[in-house]
Amino acid sequence: MKKLQYITFLLLSVISYGQVTLLTDVNVKEAKPNEPIVLTIVQEVAGDDLVQQSPLRMPDLSKFDIIGTASEQNTFIDQRKGLRVNQFVYQYYLMPKVSGKVKIGSALLTVNGKIYKSEPFDILVKDGSKNPEADYLVKDVYLNLEVSDKTVYENQPTVAVLRAYSKNFDNFRKLENIKVSEQYNAIVKPISYKKQNIETKDDGEYSSQVIATFVIFPEKSGNVEIEPVSALVKNAEMGKVVSNKVKINVKNLPTGSPESFKNAVGNFNVSIEAIDSSKEIEINKPVNVLVKIAGNGNLDANKLPKIIDSEQYTFFKPKITSKLTTNKEGVNGVIAATYVLIPKKSGKINISTEDFSFFDPNLKKYVDIGVKSLLLNVLTPQQIAANKTTLDVVDDYTKNVIETVPLPVVEKKNNASYYSFNWKNVLLNLALLFGCGLVFYYFVNRRKEKKVLKPIPLKPITTIAEEEERIRNQIKPDFYSYFNYLNTLKVDGDFSAFFKTYEDLHHDVETYIERKSKESLKSYVQNTKGRKFFEDFNDLEKLMSIEKYAPIHDQEHLDELYHSIVKIYSEIMN
């Protein structure tokens, strides 16, 4: 009986003080031979008394080519059990070598002398498509969705990166029209479609490029699955490529939230003010009141607190305006509501907003801002009139006269003398003009007499070829017409012609510099323009080379490149 009690207590202590979890999963259970598979392995060790005694041993992957890997580590406290959890997430990007039924075995881990293993499973690798172009693109272009922080609170933003993989740089520009699938327990907002630098692996086989970044707001606790992101492939019958799904561990918000909490997660501030605060506020006359919420997080118009109803005033439905940007912290900016409010009584009236609170994930606690109030001093028409000075009364009376009293029309008199000539002034002006002409004639003749003829130096005799070379060296390329044409192509969205025109500009400038200085363009820039300018010149060439093969061209990024082209090439030709 005592042994049975001891075993029972031992099992209960193991369950309550710690546990080891080892899970494996793939993004698809049916794949083609040339279709990449994402294998995810999750390792969790919960409890301070558990010691990992061996590194994680991977299953047999000899039937796959490993084309990429990624990993991350998270440490957090399990709120329900009160245990510290060490979590490791490994991702392997695999390319099947064979078709048919392929087994992925167990991953093994040794903790406190005990071996833990994941469940093995099978995947089916089907025969590939007979379309050579589609097969090539499936093999050579694919997408992967990567989430930076996979353990967050409800409504806490986390950043996702869409990365494209390919063996050929030219294939990146075939990707366009990036779309996010419909999400059920999360909101996904784009941060940027601006392309980053192309990264090349050490083996030189696959290259990758970040083609989009998003921010995700999970709306439900537990394991939330983010649906894949797709992109169209130009000139291919396959239509589009689709990324993997991503699972996020969403933690419950702590208990004890204020009654005013409405799922606002981030860092926010609320204010209220009267727009016409410099004017005296009169009873039964409208006044504009502005309520604003500013900060970053899951910010939207629903988070804006409203003005509380009162018998002291009435108001109409507000006009909502917003100035928001999406970044790694979530949605950042200001949302404002402009109310037209009419005071119904004179004296001091207090205008209050609803109570507002939010959860700060950095502090890991709720912050209750409370209500925001605005105190207005409302006056009657008699009080406003009594407060006016004599100058104000005169000013008001003058404005009233100008606006209401019609101004008299002045009639022109038809006086014949108005058109008569003053012959004396006319003769005097003619005499003065004649005298100035004589003086000018005298000085011109005097200068001609003193002028000495100088011998004209003869130009050295040159051949026709030498003269043509001299003229070519003196002619500068018309780079201003290049700049105007580049701007037109940029605005029209003709990107292929934009990059072709840039190459023509670069070639003409390079040819001109070589003829003029007898050295290459890069040597000329390095020797005459300084190191900083030379680095900017090299950076521009690299960025243009990368942007030319990018799948999607961001207008803002092209504007930056255009201004850099104008600045750098204008300086070179000066």
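The conversation below concerns a predicted model and takes up a pair of helices, a further helix and a sheet.

Visitor: Why are helix 8 and helix 10 called roughly antiparallel?

Guide: Their axes cross at roughly 150°. Angles over 145 degrees count as roughly antiparallel, and helix 8 and helix 10 are therefore given that description. The crossing is left-handed, and the two axes come within 11 Å.

Visitor: Which residues of helix 8 and helix 10 meet?

Guide: On the side of helix 8, they include Phe498, Tyr502 and His506. Those of helix 10 include Phe537, Glu541 and Met544.

Visitor: What makes the buried residues of helix 9 line one face?

Guide: Leu521, Tyr524 and Val525 are buried in helix 9, each with under 20% relative accessible area. Seen down the helix axis, the buried residues fall within an arc of 95°, so they line one face. In general, an α-helix has 3.6 residues a turn, so residues three or four places apart point the same way.

Visitor: What covers the buried residues of helix 9?

Guide: The cover includes helix 8, helix 10 and helix 11.

Visitor: How do you know that strand 6 and strand 9 pair?

Guide: Pairing requires at least two bridges. Strand 6 and strand 9 have five bridges, in the antiparallel sense, so they count as paired. Glycine 100 stands opposite valine 125 of strand 9.

Visitor: Why do strand 2 and strand 6 stand at the edges?

Guide: The open sheet has the order 2-9-6. Strand 2 and strand 6 each have a single partner strand, so one side of each is left without a neighbour in the sheet.

Technical notes: Residues are numbered from 1 along each chain as its sequence is written. This is a predicted model: local features need pLDDT of at least 70, side-chain atom pairs count only at pLDDT 80 or more; totals for chains, interfaces and linings use all residues. Side-chain values use heavy atoms; hydrogens and water are left out. Helices (H or I, at least four residues) and strands (E, at least two) are DSSP runs, numbered from the N terminus. Buried means under 20% relative accessible area, exposed over 50%, partly exposed in between (1.4 Å probe, protein chains only). The arc is that of the directions from the helix axis to the C-beta atoms. Contact means heavy atoms within 4.5 Å. Axes are lines fitted to C-alpha atoms, for helices over the stretch in contact, and angles run from 0 to 180 degrees between N-to-C directions. Angles under 35 degrees count as roughly parallel, over 145 as roughly antiparallel, 65 to 115 as roughly perpendicular and the rest as oblique. A crossing is left-handed if the near helix is turned anticlockwise from the far one by less than a right angle, and right-handed if clockwise.
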